[in-house]
Amino acid sequence: MSTHRCLALLAARCVLVTLLLAAPAEAQVSVFPVQDLTFGQVQPGVQEDVPATDAQRRAEYEIRGTGVFQVSLFLPSQMTSVGGASLPVRFDSGDGVVRWRRTGISFAFDPTVPSTVWVPFWEGGARIYLGGLANPDATQPPGHYVATVTLQVVPAGT
Amino acid sequence: MKNLLNTVIVAAGIAALPTVAQAQSASGTVDATATVLAYLDVQNVADLDFGSLSAGSGATVTPGTIPGSGTLGVLQIDHNSEVSVSVALPAGLAHSGSGPDLPVSFECGYSAAQSGALDGPAVGCSSLGNRTTSAGDGSTETSYIQVGGLIAGAATTDRLPGTYSGTLTFTVNSVY
């Protein structure tokens, strides 16, 4: 075999090896808040339930990315008014829903514990829906109450 | 040559191994909100009555006191938050038949009881300030507005005899 032919063959094999071994392994995900969890006007002593199926009042987040993720929600135990009064709020195992973006396939998840969510590559992303229960006391001071709800999404295995 | 070729290929393969990329996490935050409505109820307890006046005689009904004649008007407010009060006052009391109105001025004051001492001074009813709750914990409290006023003696001179009346309209709003 000539030297020239050897060098050409060598270059081809190096390129092939590089292509086979250099496939990117980085998983990327973005989270966008879409809608607040809105209990609206509540009466003292009367619970107000917002199911995750309530499109007008549930919390919504958009996940952009595909793969397997660990989803964690940092949930408050109360909302607070400007005057410092507290209004208890509760989240249950049935208050979480994941909806794939393209097909619209939905399934429930427990928002009170870290959950594993799979978003197939053909879906491109998903929405996270969250419901909850406001539980005002019979002598709940009137006012506007607020709390924050944070969603964290981590690619599985990290 | 062949051995050198294989050796070079292995070295190139090792050199081409990518470094392990770190996966990225992300988070987002929304609010949870609720508005608790205030409780508010307003009732008329008593009308303001200046009584019977002789021509040329005036009448005064003073909030926070027990009138010698006539009766205080009283409004009851049940509330669990601060309230604001506005009043639409008649310019005068209208005769039941015909004739000019009887001039009158009004005074108002807050109290914790239907009669007796006021919580603060009596003021023109249009200048009544907000009424707060003492507890501030959402429990319902009862407040009263005592309504009095003044008819000057000169106003009843050469005045058509009869019954004169008017309406004071109080608008109470919860503030929170």
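What follows is a chat about the terms used here and the values behind them.

Guide: First, the ground rules: this is a predicted model, where local features need pLDDT of at least 70 and side-chain atom pairs count only at pLDDT 80 or more, while totals for chains, interfaces and linings use all residues. Residues are numbered from 1 along each chain as its sequence is written, chains are lettered from A and ligands numbered from 1 in the order in which they are written, and side-chain values use heavy atoms, leaving out hydrogens and water.

Visitor: What makes something a strand or a helix, and how many are there in chain B?

Guide: Both are DSSP runs, numbered from the N terminus: a helix is H or I with at least four residues, a strand is E with at least two. By that count chain B has 1 helix and 12 strands, and chain A has 1 helix and 13 strands. In chain A the pattern along the sequence is α-β-β-β-β-β-β-β-β-β-β-β-β-β.

Visitor: Why is Leu40(B) called partly exposed?

Guide: Buried means under 20% relative accessible area and exposed means over 50%, with partly exposed in between (1.4 Å probe, protein chains only). Leu40(B) has 29% relative accessibility, so it counts as partly exposed. Asp158(B) sits at 80%, so that residue counts as exposed. Asp158(B) belongs to the loop between E10 and E11 of chain B, and it has a positive phi of about 55° although it is not a glycine.

Visitor: What share of each chain counts as buried?

Guide: In chain A, 41% of the 158 residues are buried. In chain B, buried residues are 34% of the 176.

Visitor: How do you know which residues Leu40(B) is in contact with?

Guide: Contact means heavy atoms within 4.5 Å. Leaving aside neighbours within four places in sequence, the contacts of Leu40(B) include Ile77(B), Asp78(B), Val83(B) and Val172(B). Leu40(B) lies in strand E2 of chain B. Across chain B, among contacts between residues at least 6 apart in sequence, 78% join residues at least 24 apart; the figure for chain A is 70%.

Visitor: What makes two strands a pair, and how does E13(A) pair with E1(B)?

Guide: Two strands pair if DSSP finds at least two bridges between them. E13(A) and strand E1 (residues 26–36) of chain B have 11 bridges in the antiparallel sense, so by the at-least-two rule they pair. Gln152(A), for one, stands opposite Ser27(B) in E1(B). Inside chain A, strand E5 (residues 67–74) pairs with E13(A) over 6 antiparallel bridges, and Phe69(A) has Pro155(A) as its bridge partner in E13(A). Strand E6 (residues 78–81) of chain A is joined to E13(A) by 2 antiparallel bridges, with Thr80(A) opposite Val146(A).

Visitor: Why is one side of E7 and of E11 in chain B left without a neighbour in the sheet?

Guide: Their sheet is an open one of 3 strands, in the order E7-E6-E11 (chain B), with antiparallel pairing. Strand E7 (102–103) and E11 stand at the edges with a single partner strand each, so one side of each has no neighbour in the sheet. Strand E6 (residues 92–95) of chain B is joined to E7(B) by 2 bridges, and Gly92(B) has Pro103(B) as bridge partner there.

Visitor: What makes a space a pocket, and what volume does the largest pocket have?

Guide: On a 1 Å grid over the protein atoms alone, a pocket is an open set of points with protein on both sides within 12 Å along at least five of seven lines, where a cavity is a set in which a 1.4 Å probe fits but cannot get out; lining residues have an atom within 4 Å of a point. Grid points are joined across faces, edges and corners, and the volume is the space filled by probe spheres set on the points. The largest pocket comes to about 760 Å³. Its lining has 32 residues, with Leu48(B), Phe50(B), Leu93(B), Tyr164(B) and Ser165(B) nearest the centre.
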